[in-house]
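Biologist: I'd like to go through this model with you. Can you take my questions as they come?

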Amino acid sequence: MKALILVGGFGTRLRPLTLSVPKPLVEFANKPMILHQIEALKAVGVTEVVLAINYQPEVMLNFLKEFETKLGITITCSQETEPLGTAGPLALARDKLVDESGEPFFVLNSDVISEYPFKEMIEFHKAHGGEASIMVTKVDEPSKYGVVVMEESTGQVDKFVEKPKLFVGNKINAGIYLLNPSVLDRIELRPTSIEKEVFPKIAAEKNLYAMVLPGFWMDIGQPRDYITGLRLYLDSLRKKASPKLARGPNIVGNVLVHETAKIGEGCLIGPDVAIGPGCVVESGVRLSRCTVMRGVRIKKHACISSSIIGWHSTIGQWARVENMTILGEDVHVCDEIYSNGGVVLPHKEIKSSILKPEIVM
């Protein structure tokens, strides 16, 4: 089997982190976002993954080369010269996706994190015999999304309603598809949307089926959702009694600590924290609902909550960092500084407090 991951462009919503690496390589729970997907695809027998990308393909491929050998899976790029939306890339990668086997292929949005029930999806697809399967997820506020209206018992999709004013359902497209090769005959090589142009036509022919995603789902393409996604992901590890979760007197709730990180005396870590490789957390530090990336140093008695600390940054003693503060790579926050929602570009030194959410160039 094959899979296409829609990587797309610059990852502007996750700046300043994506100023240092392409978005799919930004770590989520101590592993590049895209690896969560590639590993899950490999586990159900996918042998080749195609990345649809229009930005920095060299960086992506160089990075993923080592995982090709580790995972025993082929990873190639299909590069757009102009942005082609969510369907155009399938037409562009047609020759990479279709072979004589006639097997269906997966299409994933690279920002989506979930438990990736690909095995169940393959079984669902074979059972209904239609042309395409999509995953849907239940949400509390469907009016913010495109809602999928479907027949509950069979999963057959009736129609799509974009940002409905009146309640028509609470299931939205989760950005995970399994498509027969015949779907490619419906797509022209031009900028086009699979959700708005391709799927409604298949649904009108009663050939599109939706499966409700079990477990959690999050689009982690922007900071607030990234932090929520981390909570959901760690919670799912807890439910599986995963040995990856940290234990100890200074750990509260669900926490991931890389084995090479060092944590001092008297810290309180958690809930919902990921600490990356090579980090040093000095004594008396308090961390909650945050991600601390590779090589960060957090000095004594600093307090960090609801924030993302980029690679190789330093947080000074008694500093307080909170409210969706996002530090890019190699940012140095001086002692006793307060950051309330500061978004700081790479290689900056912060010598005075950031009292209200703002971007620091």
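Biologist: How many salt bridges are there between domain 1 and domain 2?
Modeller: One. A salt bridge here is a side-chain nitrogen of Lys or Arg within 4 Å of a carboxyl oxygen of Asp or Glu. Arg294 and Glu27 form a salt bridge through their side chains, at 3.0 Å, N to O.

Biologist: What are the ground rules?
Modeller: This is a predicted model: local features need pLDDT of at least 70, side-chain atom pairs count only at pLDDT 80 or more, and totals for chains, interfaces and linings use all residues. Residues are numbered from 1 along each chain as its sequence is written, and side-chain values use heavy atoms, without hydrogens and water.

Biologist: Where do the domains run?
Modeller: Domain 1 is 2-219 and domain 2 is 233-359. The bounds come from an automatic or database domain assignment.

Biologist: How much area do they bury between them?
Modeller: About 1,400 Å², 70% of it on carbon and sulfur atoms. That is accessible area (1.4 Å probe) lost on putting the two parts together, summed over both. Pro16, Leu17 and Asn30 supply 40% of what domain 1 buries against domain 2.

Biologist: New topic. How many residues are in the largest nonpolar core?
Modeller: It has 62. A core joins buried Ala, Val, Leu, Ile, Met, Phe, Trp, Tyr and Cys residues through side-chain atoms within 4.5 Å; buried means under 20% relative accessible area (1.4 Å probe, protein chains only). Phe28 and Leu51 are among those with the most contacts inside it.

Note on methods
Buried means under 20% relative accessible area, exposed over 50%, partly exposed in between (1.4 Å probe, protein chains only).
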